[in-house]
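Student: I have a model open and would like to go through it with you. Can we take it chain by chain and then look at some residues?

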Amino acid sequence: MTAHSRRPWRVLTVGRSLAVLVAVLCLLPLLWLLLGSLSDSSGLLSQDLRLWPEVWTLDNYRAVFSGGVDIWGYAWNTFVLCILRALGTLIASSLAAYAFARLEFPFRRTLFSLTLSLLILPAWALLIPQYGMFDALGWLGSNKPLIVPWCFGDPFSIFLLAAFMRSIPRDLTEAAKIDGASEFTIYLRIVMPNIKPALAITGILSVVDTYNDFFGQIIYLTSDGSYTLALAAFQFVKQHGAPDIGAVIALTVVVTLPLMVLFAFAQKPLRETFIHSGSKG
Amino acid sequence: MTDARRPAPHLGRTRRRRNRERVVALCFVLPWLIGLATFYIYPLVMTVFYSLTDFDGITFPPKFTLFDNFHEMFFVDPRFWHAVRNTAWWVSLSVPTILLLSFIAALLLNQRMRGLSILRMSVYLPSMVPAVGATLLFLWILNPNGGVLNSLLGRVGLGQPGWFTSPEWAKPALLLQAVWALGTTMIVFLAALQQVDGSLYEAAEMDGAGSLRRTWHVTLPSCVPAIFFNAVIAMVAAFTYFAPPLIVSSAPPGLGGGGGVNTSVGAPADSTLLLSVYIYDQFFSEFRFGYAAALSTFLAVVVVAVGALLYLIGRRLAPSEDES
């Protein structure tokens, strides 16, 4: 309180104006994108700087949705991929995290350190043998290589969930143990319900990570029918020699929108975990 | 089961219980142990093995060629050094830039003011835009022929760079896009700033320290763990930066990109050829699995080495609060 009120008025004003400026600079490109997708495509690339649409139209979206691009199919592929991978990640990672956080077994610390060190290992160092493995299984061109490995756990999710599981008071689980509950019952009935916000965060981060896993998608999703939205947008841009810029802009909105919607829904858990977890109050 | 007939029943019971606990724990980690072995350790070992062969993905078994791949990398292949130079440029510029700007943004968003949560959300939002969407958006904004930014620059009489279509400006354009998405880094700094002990500020103020000196002497030292956490994350992300450079080198000039159907990755003129992109090219377009494995091994060794170095420096500089 005192530290803030004694600052000179001028410094405060400059600081606040700069904060607003940064926020505006971050939002402007998204605003342009939205306005651009709703204006006629002839004005999207013109030297005479138009920031506001002269004609409001949905033609760009019509061009995307009727132009032979199966948007709904790609959206479905993306949805299936994200949901299955998030579910697999959550189940397998929470089991491992429970063992690391609340059980005793030989080499626990070593194994946990090894798991953490995988966080900085580039996916490139694993790609070629994995590709060979999935080729032998006949999985190339399907979404299985992008889902099945995560059903055995994922280092980042294990790390995150273990941190949250450690914060649950021992008394809570000891009482159940005395009543004769098995470890699995404790995991399922006591620990999991107590870390619901952490599970939500881990699930959301997994979906974002999967959506942005362009490297995995471009390598394994090789048939048109298996494309995700992101991959379909890339192929659209790459293959059309002289594309309609309006369609590209509308497609950009379509690719971006799912994560924006997710972000809107994720507001509460995100803020609870990241912004307020640090505050002392 | 045999433990039950031991002479010291009490000791036997605790030991049996401990063994049972171990078996239960093993059941919980078993899926991850299988995943760790199958999808991490085995592929990692095999990548190193392939890097010593001429594996092409078809011929089995691959011919063992010892260090031929590494010899070619270091002494024959000019594109490898090109990729190394581009990657070095990218990592050494993008990591400090993003760290510095996101720290400043966090400081600005740590003030008391009206609408603060809306401002924080606005700065965070771009980092939620998927990489493909962000790249297509910046291809449009930075299009040298009628893009918004160059039109603005033209209005105020400044130069109009070719951005993604020009070899000199393609990497700075990528940097501009990466800076726009600094939200996740900023959030980590913001959380660290909120943990700074308020009494430290008051003490510094009584000693007559101005707001800049307070930031330097109080805020910065308290944020050392967050800085190194962000540095490691940003470093790994920079070394494996993939979708944006690949997309801008595949998009035709009409869309503001440097490529087109017939150009190779890294366009224009290999200026966006990062190591990550080059490995993809050698693996997926040239089918040189052995050579790509050697490149991957090199990339992994560099990332792990730099990561370990950052970790050690960070541990030395950070206040020892590991117990908390």
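Student: Among contacts in chain A between residues at least 6 apart in sequence, what percentage join residues at least 24 apart?
Tutor: The figure for chain A is 71%. Keep in mind that this is a predicted model.

Student: And in chain B, what is the percentage for residues at least 24 apart?
Tutor: In chain B, 65% of the contacts between residues at least 6 apart in sequence join residues at least 24 apart.

Student: How many helices and strands does chain A have?
Tutor: Chain A has 13 helices and 0 strands. Its radius of gyration is 24 Å, well over the 19 Å from the globule rule for 281 residues, so chain A is more spread out than a compact globule. The C-alpha trace spans about 75 × 70 × 35 Å along the principal axes of chain A.

Student: How many helices are in chain B?
Tutor: Chain B has 14 helices, with 0 strands. A compact globule of 324 residues would have a radius of gyration near 20 Å, whereas chain B has 26 Å. The box filled by the C-alpha atoms of chain B is roughly 95 × 75 × 35 Å.

Student: What about the surface, how much of it comes from carbon and sulfur atoms?
Tutor: Chain A has an accessible surface of about 13400 Å², and 66% of that belongs to carbon and sulfur atoms. Chain B exposes about 15700 Å², with 65% supplied by carbon and sulfur atoms.

Student: How far apart are the mean positions of the positive and negative charges?
Tutor: For chain A, with 20 positive and 17 negative charges, the mean positions are 14 Å apart. For chain B, with 22 positive and 18 negative charges, they are 13 Å apart.

Student: Let's move to helices. Is H12 of chain B, residues 243-250, buried or exposed?
Tutor: Helix H12 of chain B has 8 of its 8 residues buried, so it is largely enclosed by the rest of the structure. The buried residues include Pro244(B), Pro245(B), Leu246(B) and Ile247(B).

Student: What covers the buried residues of H12(B)?
Tutor: The cover includes elements of both chains: from chain A, helix H11 (214-220) and helix H12 (229-239), and from chain B, helix H5 (131-141), helix H7 (170-180) and helix H13 (275-285).

Student: You mentioned H7. Which residues does Trp180(B) touch?
Tutor: Trp180(B) is in helix H7 of chain B. Not counting residues up to four places away in sequence, Trp180(B) touches Leu25(A), Cys26(A), Pro29(A) and Leu30(A) in chain A, and Pro126(B), Val129(B), Ala134(B), Leu137(B) and Phe138(B) in chain B.

Student: Which backbone oxygen does the Trp180(B) side chain reach?
Tutor: The side chain of Trp180(B) reaches the backbone oxygen of Cys26(A), at 2.9 Å.

Student: Why does Trp180(B) count as buried?
Tutor: Because its relative accessibility is 6%, and buried means under 20%.

Student: Next one, Tyr131(A). Where does it lie?
Tutor: Tyr131(A) lies in helix H6 of chain A, residues 124-136. Tyr131(A) is buried, with a relative accessible area of 15%.

Student: Which residues does Tyr131(A) touch?
Tutor: Leaving out residues up to four places away in sequence, Tyr131(A) touches Leu140(A), Ile219(A) and Tyr220(A), along with Phe283(B), Phe284(B) and Phe289(B). Tyr131(A) and Tyr220(A) are 89 residues apart along the chain, and their C-alpha atoms are separated by 8.3 Å.

Student: And Thr115(A), buried or exposed?
Tutor: Thr115(A) is buried, at 1% relative accessible area. It lies in helix H5 of chain A. A polar atom of the Thr115(A) side chain lies 2.7 Å from the backbone oxygen of Leu111(A). Apart from neighbours within four places in sequence, Thr115(A) is in contact with Phe100(A), Pro155(A), Ile158(A) and Trp32(B).

Student: Last one. Where does Ser271(B) lie?
Tutor: Ser271(B) lies in the loop between H12 and H13 of chain B. Ser271(B) counts as buried, at 5% relative accessibility. The side chain of Ser271(B) reaches the backbone oxygen of Pro268(B) at 2.7 Å. Among the residues Ser271(B) touches are Asn86(B), Pro167(B) and Lys171(B).

Technical notes: Residues are numbered from 1 along each chain as its sequence is written. Chains are lettered from A and ligands numbered from 1 in the order in which they are written. This is a predicted model: local features need pLDDT of at least 70, side-chain atom pairs count only at pLDDT 80 or more; totals for chains, interfaces and linings use all residues. Side-chain values use heavy atoms; hydrogens and water are left out. Helices (H or I, at least four residues) and strands (E, at least two) are DSSP runs, numbered from the N terminus. The radius of gyration is taken over C-alpha atoms; the globule rule is 2.2 Å times the number of residues to the power 0.38. Contact means heavy atoms within 4.5 Å. Accessible areas come from the Shrake-Rupley method with a 1.4 Å probe; for residues, only the protein chains shown count as cover. Lys and Arg count as positive and Asp and Glu as negative; His and the chain ends are not counted. The place of a charge is taken as NZ of Lys, CZ of Arg, CG of Asp or CD of Glu. Buried means under 20% relative accessible area, exposed over 50%, partly exposed in between (1.4 Å probe, protein chains only). A polar contact is a pair of N or O atoms within 3.5 Å; within protein, one must be able to donate a hydrogen and the other to accept it, and residues adjacent in sequence count only if both atoms are side-chain atoms.
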